[in-house]
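Visitor: I am new to this one. Please take me through a single part up close.

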Amino acid sequence: MTRVAVRAWLEERLDLEAASHLLEAKVVPRHRYSVFYYLGGMALFLFAIQLGTGLLLLLYYEPGVSTAHESVKRISGEIPFGWLVRSIHRWSADIFIGVVVLHMLSAFLMKAYRRPRELTWLTGVAAFGIALGFGFSGYLLPWDEIAFFATSVGTAVAGAVPFVGQAMLQLLRGGDDVTGSTLARFFALHVVVLPFGALVVLALHLLQVQKHGMSVPPGVEESGRPRPFFPDFLLRDLVGWTLALALLAALAALLPAELGPKADPFASAPAGIKPEWYFYAPFQQLKWIPSYVGPFEGEAVGAVGFGLLGLLLALVPFLDRRAGRGERSPAFSAAGVVVFLYLVALTWYAWLH
Amino acid sequence: MVRLASLIAFAALLLVHHEAAAEPGKDSCVGCHDDPLEEAGADVHRAAGLSCVDCHGGDSSAEEPERAMDPRKGFIAKPKAGAVARLCGGCHSDIERMRVINPRLPTDQLAQYRTSQHGKRAFEGNQRVATCVSCHGNHGVRHVLDPASPASKGRIVETCSGCHNPEYMKGASIPTDQLAKYTASVHGQRRLKERDPGAPACSDCHGNHGAAPPGVYAVTHVCGKCHATQAELFEASSHGEHFREAGVPPCTTCHNHHDVLATSDEMLGTGRRGACAMCHEPGDRCDLATIRMRQGIDKLTASLEATTASLVRAERLGMDVERPTYDLAAGSEAVVRARVAIHSFSEPEFQKIIAEGTEVAREVDMAAQAKLGEYRYRRQGLAIASGMLLLFAALLAMKARQIERK
């Protein structure tokens, strides 16, 4: 009786019946590539892990030049399970970016961006940008030596962008150099601006997915009737998420997140400064670009080049007109794969050197 | 006409002025002699505006050698030992003059030299004894802070041993094995092998201008310049009093002087390498005390080593051991303090420090064991969590298949 009353009370206010119908009606197409549909859910799960562990870290992290490093050290060494939460946050971030990249690659190859899903793609690219922003801003927060110098180098690249570079540099650093002001800005960016942006973008992305359903690649035949999202697909999602959780726990226990010596702005830069792995490609490319390319500064050319690459990525649905008309466009896919493989090669090279 | 006369008069005035100005700078010495300062490359005296005649006397403006090097004009070709000191001291002891040239230089060198063994012998007429130029050079004198100066800290051992060697000192009544002993000593090893600029060289113990062997009662002060706490403890101890009464030099009696060897805990007691055996008999009251002290320090160092090994192991396993590693420094410090406290010859003081160190080692070892325990706990936790998660994943997969079949 009570259960029925509660349900009726909720029904009156939330229209649960409609939500239930929506869930029952949602299906996932079946074909030989449908395994890639799990990547979106996996990215969402890892993002949730990031939010959860991030909130726990927020309980003890203290931003500030004199407190950041100390508080991270305390989290790793003294707070019960602090090491576990921090290590999971760290590993989950890495895997999250990897999964987002694979999710985008599969969407690209399956032409999931074609009409009418242009906005799904655009919000996906925006979410990818936000994910990179999370990585870049989060890297500085422990205020250790490598993070400090890697951020100095990273923000200097932003400063090389013609016309607006210096303004961007000042905006990011909160001054001429990486200081406590930079840490304060990156902290605000990491825990307020980016999460808010991510939630908005993800909501739009999921709304689009809900509205248009999963895209079936052109020329691919469906094998059997679509799989109901609930509970069939969600159960399979859960299997993947549980395995991901087991992997994260193992990585955290066996390879816990490290913390270098506290940043000293007056010390000379240590050897082997590297950004996070997902910035290896631009990092390596910038190292290879000569100081001057014609009349232009090499760093500016690199920064503008990668900016244009990002723009091209966002404009994919509008550039691939054949796919927009429902036709096959293997040349466009091949061009995308070549660019992707080049970025992978750069990352691999930077990893080894 | 008047203008022409004025012009000629002005030109004549210029010429006369030029002649007059050229005269003091004229140096006929280098007309015949190769300029030794030119060969030396750098010389503080030339930089200060001095020339040959300022040291050698004579008349540098005279063209003829007889007039230029006229003894009546104070010319001295090669001053004798005592004269060298007086010659250099003529300027260097002149406070007003040195204040103008270099107010930071001391002006007591000559006074000190007169009190030194070198100075005493020089003024007695010994010509083989060290004078100013023996250490500073004659032409091409450099500042003592210049590493190229023979009197610089980096070269002083080489300079002193230039004379204090068996060959030069043949027939002299003083020992000539100082360099060999110093080279083998802990000071010499630091100074000569490890190039430690803080390690003492000859002049740090003997002085420089007033160089002399430190007397029996000065040894504590000399060694105490660096080993201040040991010197203070020794002076205040019963041994300090006994040594003074017996006229036995402190410090060097146990540690030697030129051949000061690296200390070790084996020096404590009457054992084979024990320093106490010189005065104490095995089994006497003091020997028994040193045996207890030795046991204390051995036990402390052993427990610190075991704790360090546990910390290293925990760190290798990925645990954060920064804090206990930092805390352990107090234990190592206790060992150093205990070794210093030996110079007080007070067993209670020594054992108090050993007890402090032992407590630190015990606490840090507990922390290290806790870290190792935490590591085991994490492993067990990982195994249990992984097992549960995998089991849950398997159940979910089975359920999904079951639904699929329906």
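In which loop of chain A is the place of A:Pro116?

Guide: A:Pro116 is in the loop between α5 (82–109) and α6 (118–140) of chain A. Some ground rules come with the model. It is predicted: local features need pLDDT of at least 70, side-chain atom pairs count only at pLDDT 80 or more, and totals for chains, interfaces and linings use all residues. Residues are numbered from 1 along each chain as its sequence is written, while chains are lettered from A and ligands numbered from 1 in the order in which they are written. Helices are DSSP runs (H or I, at least four residues), numbered from the N terminus.

Now the loop itself. A cis peptide bond joins A:Arg115 and A:Pro116. Its omega is about 10°. A:Lys111 is found in the loop between α5 and α6 too. A:Lys111 is not a glycine, yet it has a positive phi of about 55°. A:Lys111 is buried, with 26 other C-beta atoms within 10 Å. Buried calls for 20 or more such atoms within 10 Å, exposed for 12 or fewer, and partly exposed lies in between, with C-beta atoms placed from the backbone.

Other places in chain A show such features. A:Asp15 has a positive phi of about 55°, and it is not a glycine either. A:Asp15 lies in the loop between α1 (2–14) and α2 (16–25) of chain A. A:Asp15 is exposed, with 11 other C-beta atoms within 10 Å. A cis peptide bond also joins A:Phe230 and A:Pro231, with omega about 5°. A:Pro231 is found in helix α10 (residues 229–254) of chain A.

Further along chain A, two helices pack. They are α11 (residues 280–288) and α12 (residues 298–314), at an angle of about 150°, with their axes 9 Å apart. Axes are lines fitted to C-alpha atoms over the stretch in contact, and angles run from 0 to 180 degrees between N-to-C directions. A:Pro282, A:Gln285 and A:Leu286 of α11(A) meet A:Glu299, A:Gly302 and A:Phe306 of α12(A). Contact means C-beta atoms, placed from the backbone, within 7 Å. By class, this contact has three nonpolar, two polar and one charged residues. Ala, Val, Leu, Ile, Met, Phe, Trp, Tyr, Cys and Pro count as nonpolar, Asp, Glu, Lys and Arg as charged, and the others, Gly among them, as polar.

Last, the two chains. Their contact takes 16 residues from chain A and 17 residues from chain B. On the chain B side, helix α22 (residues 347–405) gives the most, with 14 residues.

How values were computed. Two residues are in contact if their C-beta atoms, placed from the backbone, lie within 7 Å.
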